[in-house]
Amino acid sequence: MSTFSNTSASNSTPAGNWQGDLLVKLLVRDRREKAFTDFVESYNSLVQKLGKFVERNAELELSEKAATEKHSNLSREVEILREQGSPSNQKKTAELEQQIQTLKEERAELYKTQGQNAQRLLNLNDVLRGHEDTAKRNQEEIQRLTELNQNLTAKVDLQTQVIREKDVTIQLLQDEHATLQLEIGKIDERMKDLERENGQLLQRWLKKMNEEAEKMNEANQFYESALEVHAKALEFQSGVVIVDKEFTPMNNVPKSVSFPEAGTGTIRTRGKDFGPVIIPTAMIKKITPHDGEIHAIASSYDGNMFATGSADKTIKIFDSTTGQVKQTLSGSIQSIMHVSFNNTNEMVAGASNDNAARLWHLKTGRIRLTLTGHVGKVYSARFNGDSTKVITGSHDRTIKVWDLQKGYCIRTIFSFSSCNDVVPLDEEGTTLVSGHLDNNLRFWDVRSGKDIKELTGIHLGQITSVSVSPDGAKVLTNSRDNMLKIVDLRTYEVEQTLHADGYKTGANWARACFSPDGRYVAAGSLDGTIFYWNIQKSKLEKMTKEHIAPICGVAWSPRGGQLFSADKDRTVCMWTGGLR
Amino acid sequence: MTAPQNPITRAIWDGTLPIKFSLDSTEAAELGAKTLVEPYFLEAPRCSYFPLLTSQIRKYFVDMSLNFIGDDAEIWYDVDGIPLKWHYPIGLLYDLHTGYRPDSNSPPPLPWPVTVHFKNFPIDKLIRAQAIDATQDFFMSMIKEADFLRNGSTKKVMNLSKNDQTQLWDGLWSSFSQKYRTENYDRFWSINYRLVTNDGQLPKHVPLRIYLPDNCPVIQEPIAPSDENGNQLTLGDVLHQILPELFPSPLPTENAFAAPVIHGVIPQLNIPILWASQNLCYPDNFLHIVVLLDS
């Protein structure tokens with residue numbers, strides 16, 4: 001502060017009179033610029049008042065608006081009240097309206113119930129009507145039934161009457177019946193007496209028959225023993241001892257007579273005479289006629305010739321006494337599997353691997369007939385009894401029957417399995433027996449072409465040959481199971497099984513055969529031995545060894561004492577048991 | 001410390017200007033004024049700032065049924081099309097824009113006609129943030145700048161207590177009503193006295209600014225209060241130093257080109273610059289000198 005006053009004090013010189021000058025200037029300025037002060041003040045106060053008035057105005061407007069609103073609300077309320085009356089009135093009106101509402105509802109309910117009741121009434125009426133109808137119907141029914149009842153009672157009365165009448169008739173009939181019964185009784189007695197007499201007569205007759213049969217048996221035995229003795233004598237002469245010491249006459253069942261087939265006791269034979277049968281043990285000739293393996297050997301029905309069939313496609317005919325080759329039959333394209341003579345010994349049948357069988361005429365030596373038709377190798381060809389037909393069995397699983405006059409196949413039988421051998425069982429050749437690759441033996445009827453019987457399980461290997469016994473009652477089967485079986489033709493049962501140590505079947509077409517009297521069976525073995533079995537005793541009788549190769553077939557001459565055998569090594573042996 | 005009862009400072013503090021605020025006519029229609037809105041007359045202190053008047057002006061115009069809902073920062077003023085810089089004191093703006101030489105015989109342009117705008121703030125010409133807070137910040141920064149110029153640091157100002165700083169501003173701000181003027185003067189000058197007298201120390205530089213007409217850039221140069229010899233510089237010396245073409249000589253009598261105007265008066269040129277800075281400064285501690293040319 002002191003500084004301030006100092007400064008002011010020091011500047012009192014004219015040059016420094018600026019302070020005073022400044023002050024004067026400022027005063028002038030203020031006078032000038034503050035001229036309007038009062039004016040502005042008044043102005044501002046007016047503005048303020050104005051502002052206040054504006055506010056007030058605004059407020060008044062607001063209040064006015066509020067007032068008008070209220071006024072309008074009140075007038076509205078008045079209107080409402082005028083319309084609806086005071087609140088109390090309103091309440092009353094509301095209540096009344098509610099009451100009205102409830103009453104209306106009640107009324108509606110009542111109408112509904114009324115409606116329902118009416119409906120029920122209608123329903124009940126309907127039901128009632130329905131019941132009335134049923135009642136009526138029942139009434140009618142009852143009436144009908146009563147009528148029916150009456151009818152029935154009437155009928156019943158009628159029936160009772162009828163019954164009564166019937167009773168009477170019955171009575172009569174019963175009386176008659178009684179009388180007849182008495183008669184019958186009497187007749188029965190008479191019949192019994194007659195029967196007794198009949199029985200007695202029958203017995204006497206039977207006794208007579210038995211006596212006769214016994215006589216026959218004795219005669220047979222005597223004859224057989226005579227033969228035996230003769231045979232023994234021959235054997236004795238030849239120096240070979242094969243003696244049937246235990247020959248008993250009653251072993252041959254088919255030869256005995258049995259009730260009731262009391263006949264002559266004869267058995268069907270081939271009707272050929274045959275010489276005394278002894279086992280041929282002596283080899284008289286050994287020949288090697290063929291260039292190829294021999295597959296078949298057969299003897300003619302008169303025993304003068306025998307034939308061999310070979311792999312060199314020829315059949316050679318030999319004289320059975322000398323063993324010379326009489327004829328060579330050729331014409332086959334493949335090897336011959338089987339040869340057989342016909343019953344007149346004029347023709348030879350050869351079954352060949354070229355699926356054909358050929359018939360040669362022996363007088364000319366030429367082929368008479370070629371039977372083609374098989375589609376497989378023909379393993380067997382035979383003539384039937386009267387040489388009208390030829391039967392062939394083939395590996396095409398068929399057996400064909402050929403008619404020689406017509407010259408073609410008349411019957412083809414499908415034999416299920418390849419046929420190794422087939423033999424006719426009777427003269428005309430209507431029944432056949434065949435042995436097959438499937439180890440089975442089958443019997444066929446040619447006329448129908450169907451099989452009669454199939455024997456399975458008799459062999460365990462394929463059947464290589466089938467031969468029929470001279471009496472036609474048995475069949476001999478040779479098989480690769482190294483056993484021979486004899487089957488009875490009537491019962492189809494295996495009668496005997498023949499086997500031996502060392503006996504092995506030589507080939508798939510190895511042939512065994514019966515002796516002409518049916519007592520022995522000969523078969524050739526794998527090692528070349530020929531085995532002989534006695535059938536009656538069913539045991540091995542003899543073995544002869546000459547061949548060294550497997551034997552393909554043996555053929556016993558019907559003359560009884562000769563046997564022909566052939567082996568794979570092209571050798572043929574002729575055996576005999578009798579005198580040279 | 002009580003304020004000095006210097007009549008000069010008192011006169012400066014009490015200086016007022018009547019201002020006539022008219023609403024921009026185009027805006028009036030836009031803002032829903034149905035009738036003509038009368039202009040508003042206000043007596044504003046020379047030392048105050050326009051933003052401090054804005055709320056009152058706004059209230060008036062809104063009361064006059066103007067639909068303005070916006071920030072006070074949108075409101076701006078212009079004189080003859082030139083937007084007024086709101087960070088200049090009102091007195092300075094009047095002297096600068098009217099260019100009235102107090103020594104002339106023509107009537108002064110009073111009340112000062114200012115157009116109020118509520119829209120279209122000219123961002124390119126004015127800085128925004130006209131709110132009172134910004135004004136206060138600017139005011140305080142001017143005081144700091146003055147202190148810096150005086151002492152080379154703002155230590156003095158910064159060391160003032162918060163209360164004292166508030167006193168400075170409040171003193172200025174609430175200087176509207178007449179009845180508080182005296183109180184406010186005391187309030188303000190009790191603090192300011194310390195600043196301007198610089199506690200007896202000689203200031204390094206004198207905080208002053210020189211304004212030239214026609215949008216010339218403001219001149220602010222560091223002026224030492226005494227020259228090399230220790231003599232105190234006068235106002236003339238300073239003006240001669242800064243504007244040699246306009247003030248060919250520091251002596252008062254021979255300058256016919258231009259004259260300085262401070263607070264609406266033309267002072268003698270032999271006033272010591274230091275005394276001028278201490279007594280003739282505006283509340284922001286700056287000596288704003290408007291130089292008007294001789295017409």
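Two strands count as paired if DSSP finds at least two bridges between them, and strands themselves are DSSP runs (E, at least two residues), just as helices are (H or I, at least four), numbered from the N terminus. The views below come from a predicted model, in which local features need pLDDT of at least 70, side-chain atom pairs count only at pLDDT 80 or more, and totals for chains, interfaces and linings use all residues. Residues are numbered from 1 along each chain as its sequence is written, chains are lettered from A and ligands numbered from 1 in the order in which they are written, and side-chain values use heavy atoms, leaving out hydrogens and water.

**View 1. Strand β12 of chain A and its partners β11(A) and β13(A).** Let's start with β13(A) (residues 408-414), which runs antiparallel to β12(A) and is joined to it by six bridges. Here A:Cys409 is the bridge partner of A:Trp402. Four residues lie between these two strands in their hairpin, and A:Gly407 in the turn has a positive phi of about 85°. β11(A) (residues 389-394) also pairs with β12(A) in the antiparallel sense, over five bridges, with A:Lys400 as the bridge partner of A:Thr392. Three residues separate the strands of that hairpin, where A:Arg397 takes a positive phi near 65°.

View 2. Because six of the six residues of β12(A) (residues 398-403) are buried, the strand is largely enclosed by the rest of the structure.

**View 3. Helix α2 of chain A, with its buried residues on one face.** The buried residues of α2(A) include A:Trp18, A:Leu22, A:Leu26 and A:Glu33. Seen down the helix axis, the buried residues fall within an arc of 160° (taken from the directions from the axis to the C-beta atoms), so they line one face. A:Leu27 and A:Arg31, on the other side, are exposed.

**View 4. Where chain A meets chain B.** Contact (heavy atoms within 4.5 Å) takes in 29 residues of chain A and 41 residues of chain B. The rule finds one salt bridge across this interface, a salt bridge being a side-chain nitrogen of Lys or Arg within 4 Å of a carboxyl oxygen of Asp or Glu. B:Arg46 forms a salt bridge with A:Glu33, with the closest N and O atoms 2.6 Å apart.

Conventions: Buried means under 20% relative accessible area, exposed over 50%, partly exposed in between (1.4 Å probe, protein chains only).
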